[in-house]
Amino acid sequence: MSLSSQAVTPADPIVSVRGVSKTYPGGFQALKRVDLDIRRGEIFALLGPNGAGKTTLISIICGIANASDGVVLADGHDTVRDYRRAREAIGLVPQELHTDAFESVWATVNFSRGLFGKPADPAYIEKILRDLSLWDKKDNKILTLSGGMKRRVLIAKALSHEPKILFLDEPSAGVDVELRHDMWRMVRELRERGTTIILTTHYIEEAEDMADRIGVINNGELILVEDKHVLMRKLGKKQLTLTLQNTMAQLPEALARWPLELSNHGHTLTYTFDTQKEDTGIAELLRTLTAQGIDFKDLQSSESSLEDIFVSLVRKPQDTRQEART
C-alpha cells in the first residue's frame, strides 16, 4: 500500500494561478484575472455566493474547462501544455453525481485508478472503501445505491490514483451527517499525509473548522485570500451586550461617542468594538454608564463568526474590500 507520508514545504505552492480569466461566447465574464497560490499540504476553502465563479475556477485548474487568458500550474505542470502530468496530480469530487451506474463499486473505483496508469493495488482500494464505509457495498451496482452512498463512491474514485491535490466541490451538498463526519475525518487524515485539499462549501462553519486559509470570490473576482485566524482578527468584531435594569427610551448625549445600539424595546444596549485596537473603550463606557445612573443586570460578549465576515465581504463596495486586503 502506498500511503506513506510525503515531505512537504508549506510555503511551496502546489497550485499556481496567474491572470486567469474566463469569458463565455455570449460575453459573460465568469472570472476576472484571478491570481492565487495554494500551498502544498494545506486545506484551502474557497467561499462565494452562487454564481460567484467557484466551480468555473476549479474546472479550469482541473483541466475540465479552458481559460480565456492566464496560466495554471498544478504540481509544477502547466494544465494546458502538460495536461496529462498535471491531471495525474489532481483528484476531483464534483457536485454532480455522475457515476458508472451499471458497474459495481469495486470495479468503478479500480477502473478509475487504472485510467491514470497506476498499477493495481487492491489493498489501497480496500482501505479507501473501508474509510468511506463502502466495503460492504463493494459488489453492489452503483444504480442500487442511495444518493449519500453515490457521493461516497465519487470520493473513492477521486482518491483512487493517490492524488497530491484533492478538490471537493460542495462535498456536503445533500449528504447525511454521518457521511459529512466520515468525509472530514478522511480530509484531516489526507492532509496529515501531505495531500493538499481545496474545498468549496456553503457550510461556512465547516470552512471555519477545517481550513487553514480562506479565499472569497464574488462576481468572478478573488476579493480576499487570508489565513483563517488572521482574517478573523482583521475583520472580526466583538460585541458587548448589556441587559439594562430599566428600559431606556433613547441614548443620552453622554453616550453619543460610542457606537451603541439600543434594541429589544429599550432593554438591551450593544457596543461593537474593534478587537485590533489596544484600547477597546469598554472600561470608559462602563464608567460613563455608572456616572449616568444606568444600571445593567447582565453583560455578555460575543465575536463575529466566519459567516458574519463572509456576508460583510460580499456586500462591501470595492474600495472597502481593498482595505481588507492590507
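Contact here means heavy atoms within 4.5 Å. By that criterion, and leaving aside neighbours within four places in sequence, Asp 75 is in contact with Ile 14, Arg 40, Ala 89, Lys 164 and Ile 165. The model is predicted. The protein chain has 11 helices and 14 strands, and buried residues make up 45% of its 326 residues. Of the contacts in the protein chain with a separation of 6 or more, 70% are accounted for by residues 24 or more positions apart.

**Two buried residues**

- Asp 75 is placed in the loop between β4 (69-74) and β5 (77-78).
- The relative accessibility of Asp 75 is 15%, and buried means under 20%, so Asp 75 counts as buried.
- Ser 16 belongs to strand β1, which covers residues 13-23.
- Ser 16 is buried as well, with a relative accessible area of 15%.
- A polar contact of 3.0 Å links the side chain of Ser 16 to the side chain of Asp 37.
- Apart from neighbours within four places in sequence, the residues in contact with Ser 16 are Leu 36, Asp 37, Val 71, Val 72 and Leu 73.

**Packing of α5 and α6**

- Helix α5 (residues 147-159) packs with helix α6 (residues 177-192) at an angle of about 15 degrees, and the two axes are 10 Å apart.
- Because angles under 35 degrees count as roughly parallel, α5 is roughly parallel to α6.
- The crossing of these two helices, α5 and α6, is right-handed.
- On the α5 side, Gly 148, Arg 151, Arg 152, Ile 155 and Leu 159 take part; they meet Glu 178, Leu 179, Asp 182, Met 183, Met 186 and Leu 190 of α6.
- By residue class, the contact of α5 with α6 divides into six nonpolar, one polar and four charged.

**Positive phi in loops**

- Most residues other than glycine have a negative phi.
- Asn 219 has a positive phi, near 50 degrees, in a residue other than glycine.
- The loop that holds Asn 219 runs between β9 (213-218) and β10 (221-227).
- His 265 also has a positive phi, with a value near 55 degrees.
- His 265 lies in the loop between β12 (260-263) and β13 (268-274).
- Is His 265 buried or exposed? Its relative accessibility is 76%, and exposed means over 50%, so His 265 counts as exposed.

Terms used: Residues numbered from 1 in each chain as written. Predicted model: local features only at pLDDT ≥ 70, side-chain atom pairs only at ≥ 80, totals over all residues. Heavy atoms only, no water. Helix = DSSP H or I, 4+ residues; strand = E, 2+ residues; numbered from the N terminus. Buried < 20%, exposed > 50% of the residue type's maximum accessible area, 1.4 Å probe, protein only. Polar contact = N/O pair within 3.5 Å; in protein donor to acceptor, adjacent residues only side chain to side chain. Axes fitted to C-alpha atoms, helices over the stretch in contact; angles between N-to-C directions. Parallel < 35°, antiparallel > 145°, perpendicular 65-115°, else oblique. Left-handed = near helix turned anticlockwise from the far one by under 90°. Nonpolar A, V, L, I, M, F, W, Y, C, P; charged D, E, K, R; others polar.
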